[in-house]
Amino acid sequence: MFNLILFGPPGAGKGTQSLQVAEKYRLAHISTGDIFRSEIRNETPLGLKVRSIIEKGELVPDELLIDLLRSAMHKYADVKGFIFDGFPRTLRQAADLDNLLAEEGEKVNLTLALEVEDHELITRLLIRAEREGRKDDTREVIANRLNVYQTQTRPLIDFYTQQGKFRAVHGQGTIGEIFGRLCKEIDVAFSNQ
Ligand code: AMP
């Protein structure tokens with residue numbers, strides 16, 4: 001299997017790029033943000049529990065992620081691998097993911113980060129707020145999400161760098177240009193497998 005994490009701050013383009021990468025490399029796409037939004041829409045017990053946390057731009061507690069991820073992964077049989085979008089976001093989640101993959105004799109093969117300047121992230125998120133009306137795309141919540149990324153998620157860069165699994169690509173330009181940069185890195189990682 002080839003297991004890829006698409007990493008980066010909110011607004012970096014992880015969702016858009018993940019879908020294209022998943023299609024090209026035939027990976028199963030798992031977006032924890034999409035899963036939570038669907039739980040909220042369907043007013044499930046989990047959705048009701050996490051709604052206010054997400055609307056404030058905070059992270060859902062780690063212990064709620066692991067079961068969610070396990071059941072998302074088990075929905076796919078015989079996949080060539082996974083692309084994780086928006087997960088892991090904390091060191092604890094990264095350790096949980098390693099354990100979960102190890103249960104299947106698998107591992108994280110590559111973490112690819114999309115690097116985008118802060119002012120560009122804010123502009124993109126505000127545009128998305130107008131288009132999609134996401135409750136967590138208001139100016140204050142965006143500021144909090146960027147702050148949460150810096151303090152809780154960014155440390156994962158060291159975690160994966162130490163394992164020789166981290167690569168960053170320039171996340172600004174056209175969608176096609178950025179996709180091309182990601183594919184180049186994935187192809188190298190594939191050929192080194
Ligand atoms: P996203 O669509 O990935 O930006 O996720 C939207 C929101 O869902 C985040 O701001 C968090 O509140 C929550 N969320 C998504 N993924 C995670 C995760 N891996 N850990 C904790 N909270 C998450």
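User: How many residues does helix α1 have, and what span would be expected for it?

Analyst: Helices here are DSSP runs (H or I, at least four residues), as are strands (E, at least two), all numbered from the N terminus. The expected span of a helix is 1.5 Å times one less than its number of residues. Helix α1 covers residues 14-25, so 12 residues, and its first and last C-alpha atoms are 16 Å apart, close to the 16 Å expected. Just after α1, R26 takes a positive phi of about 55°. Bear in mind that this is a predicted model, where local features need pLDDT of at least 70, side-chain atom pairs count only at pLDDT 80 or more, and totals for chains, interfaces and linings use all residues. Numbering runs from 1 along each chain as its sequence is written, and side-chain values use heavy atoms, with hydrogens and water left out.

User: Which residues of α1 are buried?

Analyst: Buried means under 20% relative accessible area, exposed over 50%, and partly exposed in between (1.4 Å probe, protein chains only). In α1 the buried ones are K14, Q17, S18, V21, A22 and Y25. They sit on the same side of α1, because their arc around the axis is only 135°; that arc is taken from the directions from the helix axis to the C-beta atoms. The face turned away from the buried side carries exposed L19 and E23.

User: What do the buried residues of α1 pack against?

Analyst: Contact means heavy atoms within 4.5 Å. The partners are β1 (4-7), β2 (28-31), β3 (82-85), β4 (110-115) and α9 (175-192). On the α9 side, the buried residues include I178, F179 and L182, and the buried residues of α9 pack against β1, α1, β4 and β5 (166-170).

User: Now the ligand. Which residues come nearest?

Analyst: A residue is near a molecule if one of its heavy atoms lies within 4 Å of it. Of the 16 residues around the ligand, T32, R37, E58, R89 and Q93 come nearest.

User: Is Q93 buried or exposed?

Analyst: Q93, in helix α5 (residues 91-103), counts as buried because its relative accessibility is 4%. Beyond its neighbours within four places in sequence, Q93 contacts V60, D62, L65, F87 and P88.
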